[in-house]
Amino acid sequence: MSKIWYLKQFNLLSGLSDEEISKLENLIRIIRVAKKQFLYFPEDPSDSIYLLKEGRVKISKISDDGKEITLDILEPGEIFGELAIVDEGPRQTLAEVLEDALIYAINRKDFIDFTENKPDLAFKLTKLIGLRLRDVESKIEALVFRDVPSRLAALLLQLAANHGKPDQKGMRLNLKLTHQELGNLIGSTRETTTTWLNEFRKKGLIAFDRRQIIVLDLKELKEFSEFH
């Protein structure tokens with residue numbers, strides 16, 4: 001299939017005409033990045049915006065004491081590095097490829113020039129940046145005011161909403177995350193995360209199947225996330 005077709009699959013670009021997509025196509029350079037490689041580090045220049053075509057990418061932040069906090073795990077069709085559009089300062093996050101990835105990269109200035117006179121695209125970008133900043137604030141608030149089981153329950157609910165596929169047992173999370181990756185998403189250790197996943201399994205809230213999690217009881221999991 002053509003690159004134009006693929007570009008139209010990105011939610012951010014879905015409203016652009018074929019002519020506009022064709023112009024954007026000329027600005028793109030294709031990057032292939034192997035699993036466990038890094039695309040950028042904190043303090044790197046914010047000189048590109050990225051579109052994820054294949055693979056998965058983890059966006060994380062390193063705290064002052066050296067701990068890694070995962071902010072997001074991106075799936076194909078998502079944009080990242082978008083803060084470069086509004087902030088010329090160095091990167092503040094870390095981008096690690098979790099699965100072999102095919103990425104479209106666009107120079108920051110070229111992308112800004114492209115968005116001129118495209119109010120719908122500019123609005124989508126502004127909305128995306130705002131939502132992601134709000135998500136970061138929510139994660140920080142959860143780290144401060146919620147305990148680990150509550151944070152884990154809330155995360156599983158979020159993953160079910162974003163990546164869940166109904167099956168005979170419940171809501172299957174359509175992605176494979178290690179216990180370490182789940183722990184990083186809630187600011188916890190792998191050992192503590194594993195302990196509470198097993199507790200949720202014993203309580204009948206979740207089940208495990210071939211490295212995937214199935215959420216069995218969304219209602220009980222929601223109550224657990226709110227009152228613990």
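Contact is taken here to mean heavy atoms within 4.5 Å. The structure is a predicted model, in which local features need pLDDT of at least 70 and side-chain atom pairs count only at pLDDT 80 or more, whereas totals for chains, interfaces and linings use all residues. Residues are numbered from 1 along each chain as its sequence is written, and side-chain values use heavy atoms, with hydrogens and water left out.

Leaving aside neighbours within four places in sequence, K58 is in contact with E68, T70, D72, I73, L94, A95, E96, L98 and N184. This lysine lies in strand 3, helices (H or I, at least four residues) and strands (E, at least two) being DSSP runs numbered from the N terminus. K58 counts as buried, at 5% relative accessibility, where buried means under 20% relative accessible area, exposed over 50%, and partly exposed in between (1.4 Å probe, protein chains only). The side chain of K58 makes a polar contact, at 3.0 Å, with the side chain of E68; such a contact is a pair of N or O atoms within 3.5 Å, of which, within protein, one must be able to donate a hydrogen and the other to accept it, and residues adjacent in sequence count only if both atoms are side-chain atoms.

N184, one of the residues in contact with K58, belongs to helix 6, where E181, L182, G183, N184, L185 and I186 are buried. Because six of its eight residues are buried, helix 6 is largely enclosed by the rest of the structure. Just after this helix, G187 takes a positive phi of about 70°.

Not counting residues up to four places away in sequence, L173 touches L156, L159, A160, H163, Q212, I213 and V215. L197, in helix 7, counts as buried at 0% relative accessibility and, with neighbours within four places set aside, is in contact with L152, L156, H179, L182, I206, F208 and I213. The C-alpha atoms of L197 and I213, which are 16 residues apart along the chain, are separated by 9.5 Å. In helix 8, L218 counts as partly exposed, with 39% relative accessibility, and touches L157 and A160 when residues up to four places away are not counted. D209, found in strand 9 (residues 206-209), is buried, with a relative accessible area of 17%; its side chain makes a polar contact with the side chain of R210 (3.4 Å), and beyond four places in sequence D209 touches R172 and I214.

Pockets were identified on a 1 Å grid over the protein atoms alone, a pocket being an open set of points where a 1.4 Å probe fits, with protein on both sides within 12 Å along at least five of seven lines, and lining residues having an atom within 4 Å of a point. Grid points are joined across faces, edges and corners, and a volume is the space filled by probe spheres set on the points. About 1300 Å³ of space lies in the largest pocket, which is lined by 44 residues, with D72, L74, E82, L128 and R132 nearest its centre. Strand 3 (48-62), strand 4 (68-74), strand 5 (79-80), helix 4 (119-145) and helix 5 each give two or more residues to this lining, and helix 4 gives the most, with nine. The lining divides into 21 nonpolar, 11 polar and 12 charged residues, where Ala, Val, Leu, Ile, Met, Phe, Trp, Tyr, Cys and Pro count as nonpolar, Asp, Glu, Lys and Arg as charged, and the others, Gly among them, as polar.

The second largest pocket has a volume of about 360 Å³ and is lined by 15 residues, of which S138, K139, A142, A154 and Q158 lie nearest its centre. Helix 4, helix 5 and helix 6 each give two or more residues to this lining, with helix 4 giving the most, seven.
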